[in-house]
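Open the structure in your viewer and keep the selection tool at hand. The stops below follow one another, each with something to select.

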Amino acid sequence: MSSRPRRNFPKVVIERDTDTEGEESSSGEEEEDVVEEVDQVDEAKSEEEGEEEVANSHEEDEIDVKKRKRKPITISLKQVCKQKGHEAGFKGATYIDCPQKPCFLCKQPGHTTMTCPHRIATEYGVVPGPRKYVQSGFDFVFERQIRNHINMIKPTYVIPNQVDSAIIKLHSRRITCLEFHPTKNNILMSGDKKGQIGIWDYEKVTEKTVYDTVHSCILNSMKFHPMKDGYIYTSGSDGTLSCTDIETGVPILLMDINPDGWNGPATWRMLYGMDINSEKDLLLVADNFGILYQIDIRSNKKTGEPILIHKKGSKVVGLHFNPLNPDLLISCGNDHFARLWDIRQLKPGTFLGELKHPRVVNSAYFSPRTGSKIMTTCQDNRIRVWDSIFGDLSYPSREIVHSHDFNRHLTCFRAEWDPKDPSECLAVIGRYISDNFNGVALHPIDFIDTSNGQLVAEVMDPNITTITPVNKLHPREDILASGSSRSLFIWRPKEEIDSDEMTNEKTHKVSIYTVQNGKQQKGKFVDGNDDDDDDFPSKKKGKSNTTPSKIVTCPADAKSKKSRQK
């Protein structure tokens, strides 16, 4: 995105055991990692893929023999239109456009993705939206009660831009969501495509636990109740809502919307967006048919009737309560709309406001301190910001062009606010289109100032070549947690050092813990608990073969703020 000269990365040498690196994952795991590491070659939304070549009959025997051997990965561009020779995809860090298609980044014709003006400078893509100042009671309340809580002077942004610790292949499938513990600053929760719940102490690095008996498929959302920090609420594509004890891993089933089991994809319901109203002890969760469900946390039972809040048959992928006024709810879904609701009068069609988008809306969030702003992430490579929830919501205050449109095999990109920023301007989101950083194709994590669209920082590491769609900023510390493929990374800000110290050789130490691929037994993945030596069956915890934590030492121009060796 940025045209600034790329900085030189220090050379990092990671020593690993030969036996550990020699072990292979299952075929399903290999396929998913390969797809992410080659930058998702088929992201061009191909309407017709090239036909596979059919081998001659006299070569079939030779092909069968070759299939038994491990072949090197080959990358081929995909045909996206019917004309011969027109292809689209990545060659290294360069994106090749089909002449018949518009720019993949901004979706506008007349230029290629590599020469897109929005790629050179992100603030170029900021489009101000008209807002009519309506002299209404809402504007009066905003100016008198909320405006004075907004910091008019922007503080200096503190960017976590250096990997401090990592755990490799904690999960057996790609990571789908992250959540920090509300009271323990060193605990990070994670969910994956297989439905597993991971618990990682990133201060001690080696202490981790994985529970795989809560959900049977994709874990879509997880939330903590502020007053019940020992339990985590999760929703999954298996249609279940659970409350799990993070100490024992024992789940409490709160709701199952598929009581009759599998009867085909037409009737199977999956739970997606979820949020908790702590003042009312109310949990809201929505499914892939546009239906909203209410759960009373005190009794762990459903309350009220299911309500249609989006177009029938569309996924409701996001729910978020206003932090200042918990009666206000925002929802977003695959019907290209984000809607505002008053939960005190939830009925079909009674939304307070409707934010129209041209494509699927991946997320919608109120600003973290005052709740006066709204930020949405749309699949059309746009981040939209409304500076005030009071007034005309027909048009956003600005649109920011950013690369996060993808085809498949990835968790959706979601721009999230920095909860510690008093100006409510800083947002973080992963980038899809890679850039050439000193000969390495990397996918940075972008920090964007939503008030003007400027790229504040692009965070990257030469050892992380996979795409990082899941990112979470710590609510109390200057820490960024990111999920890339099956691994977790913790980023901290670099600490400035004196010029006199620059003459001495400095090293930056990163604690890396590698989890070996557990043996599969009856479709179950080996747990990360080190207390038991047996592979656990369906509802028992076991132990995974793990390697000791490795300390990566590399020269650096700045040392980590909390550099340590475990």
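**Stop one: a lysine in a loop**

Select lysine 373, in the loop between strand 23 and strand 24 (374-378); strands are DSSP E runs of at least two residues, numbered from the N terminus. This is a predicted model, where local features need pLDDT of at least 70, side-chain atom pairs count only at pLDDT 80 or more, and totals for chains, interfaces and linings use all residues. Residues are numbered from 1 along each chain as its sequence is written, and side-chain values use heavy atoms, without hydrogens and water.

Is lysine 373 buried or exposed? Buried, with a relative accessible area of 10% (buried is under 20%, exposed over 50%, partly exposed in between, with a 1.4 Å probe and protein chains only). Now show glutamate 424. The lysine 373 side chain reaches its backbone oxygen at 3.1 Å.

**Stop two: isoleucine 383**

Next, select isoleucine 383. Beyond four places in sequence, the residues that isoleucine 383 touches include Met375, Ile400, Ala415, Ile429 and Ile448 (contact means heavy atoms within 4.5 Å).

**Stop three: the pocket lining**

Finish with strand 14 (271-277). Strand 14 gives the most to the lining of the second largest pocket, 6 residues. On a 1 Å grid over the protein atoms alone, a pocket is an open set of points where a 1.4 Å probe fits, with protein on both sides within 12 Å along at least five of seven lines; lining residues have an atom within 4 Å of a point. Select Glu179, Lys223, Asp275, His320 and Lys472: of the 49 lining residues, these are the closest to the centre of the second largest pocket.

Definitions and conventions:
Helices (H or I, at least four residues) and strands (E, at least two) are DSSP runs, numbered from the N terminus. A polar contact is a pair of N or O atoms within 3.5 Å; within protein, one must be able to donate a hydrogen and the other to accept it, and residues adjacent in sequence count only if both atoms are side-chain atoms.
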